[in-house]
Amino acid sequence: MASTSFAFLTFTTTSLRTSVRRTTPFNCGSHRSGSSIGFNRVGFRGARFHCLKTTTAYSMAGVAAATEKKKRVEVFDTEEDLAASLAKYTADLSDKLGKERGSFTVVLSGGSLIKSLRKLVEPPYIDSIEWGKWHVFWVDERVVPKDHVDSNYKLAYDGFLSKVPILPGHVYAINDALSAEGAAEDYETCLKHLVKSNILAISSATGFPKFDLMLLGMGPDGHVASLFPGHPLCKENEKWVTFIKDSPKPPPERITFTFPVINSAAYNALVICGAGKAGPVQAALGNSQNSDVLPVQMVSAEEEFTWFLDKEAASKL
Ligand SMILES: O=C(O)[C@H](O)[C@@H](O)[C@H](O)[C@H](O)COP(=O)(O)O
């Protein structure tokens with residue numbers, strides 16, 4: 001794979017001690033001299049900044065202190081390189097957690113993420129992944145029929161799920177016959193059943209469900225899932241799944257996982273491409289004077305939180 005920069009940032013939230021470790025040489029061609037070294041330096045400060053903000057967000061939400069252990073930021077010259085790395089990362093976690101737990105719970109978002117998963121449906125992953133262990137969920141879904149052009153289920157089905165042998169009974173789409181309130185409640189009930197049947201784990205740190213891997217996107221305004229800047233839903237700290245009827249991004253009616261659920265995931269991967277998203281990336285990882293905390297800055301994970309950025313998204317770091 002060509003032109004990849006790695007900045008590995010390890011920190012412990014209890015002591016707020018931060019260390020930076022380079023695990024791969026900076027062998028990334030044109031990206032090397034500029035972005036990688038500068039990025040590493042900025043990334044170090046960004047990690048501490050982010051850590052403090054994450055902890056603040058948690059206490060605001062009345063949830064136990066963050067237990068995130070490791071944050072990793074990867075910058076790729078092209079989206080093609082990013083997609084290749086994302087496929088390997090997902091396949092490696094599927095192998096590791098599938099062996100450890102017997103199942104692999106994966107959460108998808110909508111948007112451009114699905115296109116960036118395209119390499120999973122190609123060799124070697126199409127043959128090597130134990131698809132029978134996968135259980136697939138959505139971090140957010142638009143309240144539209146499943147065959148509607150706006151449906152995140154349809155997007156994922158057409159671009160990914162229809163091309164891999166995941167069991168249909170392991171794909172947890174929303175009930176599209178219900179209202180937004182009803183669909184959110186129904187989805188939360190479904191998750192509770194899966195906890196009882198040991199398919200879905202519970203975080204011993206937070207008491208919220210602990211998905212194995214969430215694959216998240218971010219909007220140009222810094223939103224994640226259907227949690228938008230300044231919206232009261234960002235502070236929801238009891239429900240697992242909630243609903244919104246005034247989404248600034250159309251369509252207006254959606255259901256969404258809440259932050260306590262997102263941040264209880266074992267692994268969170270945030271996939272961000274394009275210059276239009278460089279501002280919120282800078283706010284989260286770089287030097288920014290803005291005191292408003294964007295939803296993307298509230299994301300963490302229990303084991304590891306990885307940012308997959310193309311160089312345009314990382315251009316302000
Ligand atoms: O249903 C949705 O709208 C998404 O789940 C949403 O949170 C998405 O991930 C971001 O808006 C990024 O979308 P893009 O990658 O297409 O910009």
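Modeller: A polar contact is a pair of N or O atoms within 3.5 Å; within protein, one atom must be able to donate a hydrogen and the other to accept it, and residues adjacent in sequence count only if both atoms are side-chain atoms. The model is predicted, so local features need pLDDT of at least 70 and side-chain atom pairs count only at pLDDT 80 or more, while totals for chains, interfaces and linings use all residues. Residues are numbered from 1 along each chain as its sequence is written, and side-chain values use heavy atoms, with hydrogens and water left out.

For Arg142, the distance from a polar side-chain atom to an oxygen atom of the ligand is 2.8 Å. Asn152 has a side-chain N or O atom 2.8 Å from an oxygen atom of the ligand, and for Arg254 the corresponding distance is 3.2 Å. On its own the ligand has 420 Å² of accessible area, of which the protein covers 91%; such areas come from the Shrake-Rupley method with a 1.4 Å probe, and for residues only the protein chains shown count as cover.

The shell around the ligand holds 15 residues, among which Ser112, Asp140, His223, Ala225 and Lys277 come nearest; a residue is near a molecule if one of its heavy atoms lies within 4 Å of it. By class, the shell divides into 8 polar, 5 charged and 2 nonpolar residues. Here Ala, Val, Leu, Ile, Met, Phe, Trp, Tyr, Cys and Pro count as nonpolar, Asp, Glu, Lys and Arg as charged, and the others, Gly among them, as polar.

Although Ala225 is not a glycine, its phi is positive, at about 50 degrees. Most residues other than glycine have a negative phi. Ala225 counts as buried because its relative accessible area is 7%, buried meaning under 20%, exposed over 50% and partly exposed in between (1.4 Å probe, protein chains only).

Helix α8 (residues 278-285) can be described in the same terms. Of its 8 residues, 6 are buried, so the helix is largely enclosed by the rest of the structure. The buried residues of α8 are Ala278, Pro280, Val281, Ala283, Ala284 and Leu285.

Conventions
Helices (H or I, at least four residues) and strands (E, at least two) are DSSP runs, numbered from the N terminus.
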